[in-house]
Amino acid sequence: MMELIGLSKSFDSKPAIVDLSLRVEDDEYLTLLGPSGSGKSTLLRVLAGLERPEAGRIMLGDQDITARPTHLRGLGIVQQNYALFPHMTVEENVGFGLAHRAQDPVTDTAEVARRVAQTLELVGLLGLERRMVGQISGGQKQRVSLARTLITEPKVCLLDEPLGALDANLRERMTVELRKIRKALGVTFFHVTGNESEAIAMGDRMIVLDEGRAIQIAEPDTVFDAPATVRVARFLNAYNLLRGSVQGGTFESGEVRMPVPSGAQSLSCAAVRYDAVRVLRSGAEAEAGAPALHATFVASEFMGSKVVYFFRMADGGMFEVERHLSSSDPETYGEGEHVTLSWRMQDVLFFDANGDLIELAQAKGAA
Ligand code: ADP
């Protein structure tokens with residue numbers, strides 16, 4: 001178990017990590033999601049011992065490793081740029097760290113060979129042992145990089161945007177594989193990503209970082225269904241956000257009118273998931289009482305297993321609708337086609353004046 005207690009780190013008195021506390025369980029896949037500049041790399045560097053925090057402690061089991069040099073921490077690090085030795089073969093790259101590490105180097109060449117073979121099998125690289133790393137694909141390089149770390153049997157493996165350099169197809173495949181590999185080893189993965197679908201697909205738990213603070217730590221489903229703040233909802237890239245205010249018991253945003261959830265003092269924003277929106281065509285109006293707005297079709301985009309439709313609202317803002325191809329055939333709309341977009345009150349999330357989520361049960365109670 002790794003525990004971070006009140007970690008803070010700033011650069012030129014500008015905070016990058018602010019009072020961050022977190023327990024990382026054994027045998028867990030943890031993803032760290034945040035927009036660019038939110039402090040992800042800094043946190044990883046602090047954990048790896050490449051930066052010293054100004055405050056706080058890092059415990060690994062019952063040991064305080066806050067001041068311990070990187071190579072003595074028992075952590076593995078997988079970087080986005082692979083950091084491989086180009087003049088070595090795949091198996092030499094993977095065996096190198098084991099034979100040359102600071103603690104307990106393995107000097108028996110037969111033992112190194114056995115563990116190299118075992119690790120290459122685990123990451124799916126059998127058959128490529130003798131290739132120079134300059135002669136393999138990006139996805140294979142990423143596997144070598146992973147193998148090189150995993151062979152040292154770290155307790156916790158830090159992965160810095162490990163799939164960032166891969167194309168979308170390969171990334172999806174590696175997502176599944178990374179989960180399998182981690183599970184087979186029972187090692188804890190701490191995976192940093194700026195990609196929300198990756199964070200949701202990979203993690204047993206997710207940490208959402210914003211301006212150096214962990215603003216939500218929860219299972220991906222929870223983060224997805226109940227983002228803690230408007231900003232989290234925004235970087236999940238799954239919600240339409242309607243800014244507005246309360247006028248006489250009704251939340252108003254442009255032409256949209258919705259009843260205010262009971263107990264809510266102030267509201268600044270409502271959120272409707274892309275996949276919870278109905279599209280009504282040919283002048284059809286929404287059911288009485290259902291929130292709705294009028295919009296015109298702009299474009300659609302196929303994204304693997306789903307289609308995203310973009311509609312322009314009267315105020316010029318974009319409203320997105322998503323359909324999974326497993327549940328419906330794609331619709332086609334004409335450019336500029338007028339539609340009514342509608343949704344159910346129970347699918348609406350409300351945020352207060354501070355941008356914090358108003359608890360779901362409360363909001364649903366009013367629906
Ligand atoms: P992320 O990885 O989420 O993009 P970073 O951890 O790289 O975010 O950066 C967090 C903040 O700390 C940013 O404001 C960034 O400019 C600043 N920062 C990071 N590293 C340094 C550094 N070595 N010197 C000065 N500022 C830094």
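1. Buried means under 20% relative accessible area, exposed means over 50%, and partly exposed lies in between, with a 1.4 Å probe and protein chains only. By that cut-off, Tyr333 is buried, because its relative accessibility is 12%.

2. Some ground rules. This is a predicted model, in which local features need pLDDT of at least 70 and side-chain atom pairs count only at pLDDT 80 or more, while totals for chains, interfaces and linings use all residues. Residues are numbered from 1 along each chain as its sequence is written, and side-chain values use heavy atoms, with hydrogens and water left out.

3. The ligand shell. A residue is near a molecule if one of its heavy atoms lies within 4 Å of it. Around the ligand stand Phe11, Lys14, Ala16, Pro35, Ser36, Gly37, Ser38, Gly39, Lys40, Ser41 and Thr42. By class, three are nonpolar, six polar and two charged. Here Ala, Val, Leu, Ile, Met, Phe, Trp, Tyr, Cys and Pro count as nonpolar, Asp, Glu, Lys and Arg as charged, and the others, Gly among them, as polar.

4. Where the shell comes from. Helices (H or I, at least four residues) and strands (E, at least two) are DSSP runs, numbered from the N terminus. Both β2 (14-24) and α1 (40-48) give at least two residues to the shell. The largest share, three residues, is from α1.

5. A polar backbone atom of Gly37 is 2.7 Å from a ligand oxygen. For Gly39, a backbone N or O atom lies 3.1 Å from an oxygen of the ligand. Lys40 uses a side-chain N or O atom, 2.9 Å from a ligand oxygen. The protein covers 60% of the 560 Å² of accessible area that the ligand has on its own. Such areas come from the Shrake-Rupley method with a 1.4 Å probe; for residues, only the protein chains shown count as cover.

6. Helix α1. Seven of its nine residues are buried. They are Lys40, Thr42, Leu43, Leu44, Val46, Leu47 and Ala48. Gly49 follows α1 and has a positive phi, near 85°.

7. Aromatic pairs. Rings of Phe, Tyr and Trp (its six-membered ring) pair if their centres lie within 6.5 Å; planes under 30 degrees apart count as stacked, over 60 as edge-to-face and the rest as tilted. The structure has eight such pairs. Tyr29 and Phe189 are edge-to-face, because their planes stand at 70°, with ring centres 5.3 Å apart. This pair links distant parts of the chain, 160 residues apart: Tyr29 is in strand β3 (residues 29-33) and Phe189 in strand β8 (residues 188-193). Tyr29 is buried at 0% relative accessibility. Phe189 is also buried, with a relative accessible area of 0%.

8. A second pair. Tyr309 and Tyr333 have ring centres 5.4 Å apart and planes at 90°, so they are edge-to-face. Tyr309 lies in strand β18 (residues 306-313) and Tyr333 in the loop between β19 (318-324) and β20 (338-342), so the pair ties together parts 24 residues apart in sequence. Tyr309 is buried, with a relative accessible area of 1%. Phe297, Tyr309, Phe311 and Tyr333 form one aromatic cluster.

Technical notes. A polar contact is a pair of N or O atoms within 3.5 Å; within protein, one must be able to donate a hydrogen and the other to accept it, and residues adjacent in sequence count only if both atoms are side-chain atoms.
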